[in-house]
Amino acid sequence: MNFEPLASHYPKLSALGEHCEDLIRDRHYRESVQGLRQFAEGVLKTVFRVQDDDEGLGALMRRDDFAIVVPRKVAGSFSLLQRYGNKASHFQVNDLLSALPYERHYEIRTKEDAELCLRHGHEIARWLLSNRDPSAAYPDFRPLETVRTDKKGEKRKIVFDAHQEEAIGLQRGRHLVLAPPGCGKTEILTERVRRALEAGVALTDMLCLTFTNRAARGMQ
């Protein structure tokens with residue numbers, strides 16, 4: 001939606017931006033932030049005509065001509081996407097005392113983070129098109145609809161990944177789902193309720209508990 005104007009000149013970048021929007025609609029906020037960082041990197045590689053896959057966003061921003069080509073406001077958008085994208089990455093850090101690897105938690109994992117990155121991605125897309133065609137008018141940023149739709153405007157279901165589908169489909173026993181905030185735990189629970197209703201389980205046979213009124217409203 002916010003990247004569609006790029007399609008005629010930069011179809012791959014347009015598709016990547018729209019994919020990031022779909023990730024937000026599907027509540028995959030960390031993956032969306034990572035994707036928008038890749039979008040920013042792709043934009044700079046396009047502008048500077050860089051073919052080297054090993055030259056990342058940070059290296060591109062350190063080029064001598066970056067400050068000359070990229071306006072200060074847009075440079076700030078690149079900087080934010082680099083910072084947020086790095087923090088959203090998944091990596092391990094070694095504990096020097098025990099010599100045992102431990103996994104670092106994601107630092108970017110909320111809807112607000114993803115939407116902020118999306119706005120800055122839109123700002124970069126606007127600059128990219130104006131850099132190609134100064135007379136081109138780029139539409140203002142449009143917040144995402146809460147319901148994902150296809151090209152015909154019909155509603156589309158939220159897309160769950162393999163791990164989420166496994167948790168949703170479990171039928172017997174007790175199960176514990178551990179994940180950072182914003183990864184879709186509540187969505188998994190509500191989808192389990194929906195499928196149970198379709199299978200004939202009565203609401204009177206279910207009990208759903210949560211810690212906050214906000215989460216309860218989200219489940220409703």
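What follows is a friendly conversation about how the features of this predicted model get their names.

Biologist: Let's start with the overview: how many helices and strands does the protein have?

Modeller: The protein has nine helices and two strands. Along the sequence they follow the pattern α-α-α-α-α-β-β-α-α-α-α. Of the 220 residues, 35% are buried.

Biologist: How do you know that the length of helix α1 agrees with its number of residues?

Modeller: Helix α1 covers residues 11-25, which is 15 residues, and at 1.5 Å a residue these should span 21 Å. The end C-alpha atoms of α1 are 21 Å apart, so the two values agree.

Biologist: Which residues of α1 are buried, and what do they pack against?

Modeller: The buried ones are L13, S14, G17, C20, E21, D22, L23, I24 and R25. They pack against α2 (29-48) and α6 (111-132). After α1 comes R27, with a positive phi near 70°.

Biologist: Now helix α7: which of its residues are buried, and why are they said to line one face?

Modeller: In α7, residues 162-169, the buried residues are Q164, A167 and I168. Looking down the axis of α7, they fall within an arc of 100°, so they line one face of the helix.

Biologist: What does each side of α7 have to show?

Modeller: The buried residues of α7 pack against α8 (185-198). On the face turned away from that buried side are the exposed residues A162, H163 and E166.

Biologist: Which residues have the most contacts inside the largest nonpolar core?

Modeller: They are L6, L44 and F78, in a core of 38 residues. The elements giving two or more residues to this core are α1, α2, α3 (57-61), α5 (72-87) and α6. As for L44, leaving aside neighbours within four places in sequence, its contacts are R49, L57, L60, M61, F66, V70 and F78.

Biologist: How many aromatic pairs are there in the whole structure?

Modeller: A search finds three aromatic pairs. One of them is formed by F3 and F39.

Biologist: What makes F3 and F39 an edge-to-face pair?

Modeller: Their ring centres are 5.0 Å apart, and rings pair if their centres lie within 6.5 Å.

Biologist: Why are F3 and F39 called buried?

Modeller: Buried means under 20% relative accessible area. F3 has 0% relative accessibility, so F3 counts as buried. F39 also has 0%, so F39 counts as buried too.

Biologist: What makes F78 and W127 a pair of the edge-to-face kind?

Modeller: For F78 and W127, the centres are 6.1 Å apart and the planes 90° apart. Since the limits are within 6.5 Å for a pair and over 60 degrees for edge-to-face, both conditions hold. F78 lies in helix α5 and W127 in helix α6, so the pair ties together parts that are 49 residues apart in sequence. Both F78 and W127 are buried. With F66, they form one aromatic cluster.

Biologist: How do you know that the charged end of R63 sits over the ring of F48?

Modeller: The charged end of R63 is 4.3 Å from the centre of the F48 ring.

Biologist: Why is S77 called buried?

Modeller: S77, which lies in helix α5, has 3% relative accessibility, so S77 counts as buried. Not counting residues up to four places away in sequence, S77 touches H120, E123 and I124.

Biologist: And what makes A125 buried?

Modeller: A125 is found in helix α6. Its relative accessible area is 0%, so A125 is buried. Beyond four places away in sequence, A125 touches F3, L6, F39 and Y138. The C-alpha atoms of A125 and L6 are separated by 7.3 Å, although these residues are 119 residues apart along the chain.

Note on methods: Residues numbered from 1 in each chain as written. Predicted model: local features only at pLDDT ≥ 70, side-chain atom pairs only at ≥ 80, totals over all residues. Heavy atoms only, no water. Helix = DSSP H or I, 4+ residues; strand = E, 2+ residues; numbered from the N terminus. Expected span 1.5 Å × (residues − 1). Buried < 20%, exposed > 50% of the residue type's maximum accessible area, 1.4 Å probe, protein only. Contact = heavy atoms within 4.5 Å. Arc of directions from axis to C-beta. Core = buried A, V, L, I, M, F, W, Y, C linked by side-chain atoms within 4.5 Å. Phe/Tyr/Trp six-rings, centres within 6.5 Å; stacked < 30°, edge-to-face > 60°. Lys NZ or Arg CZ within 6 Å of the ring centre and 35° of its normal.
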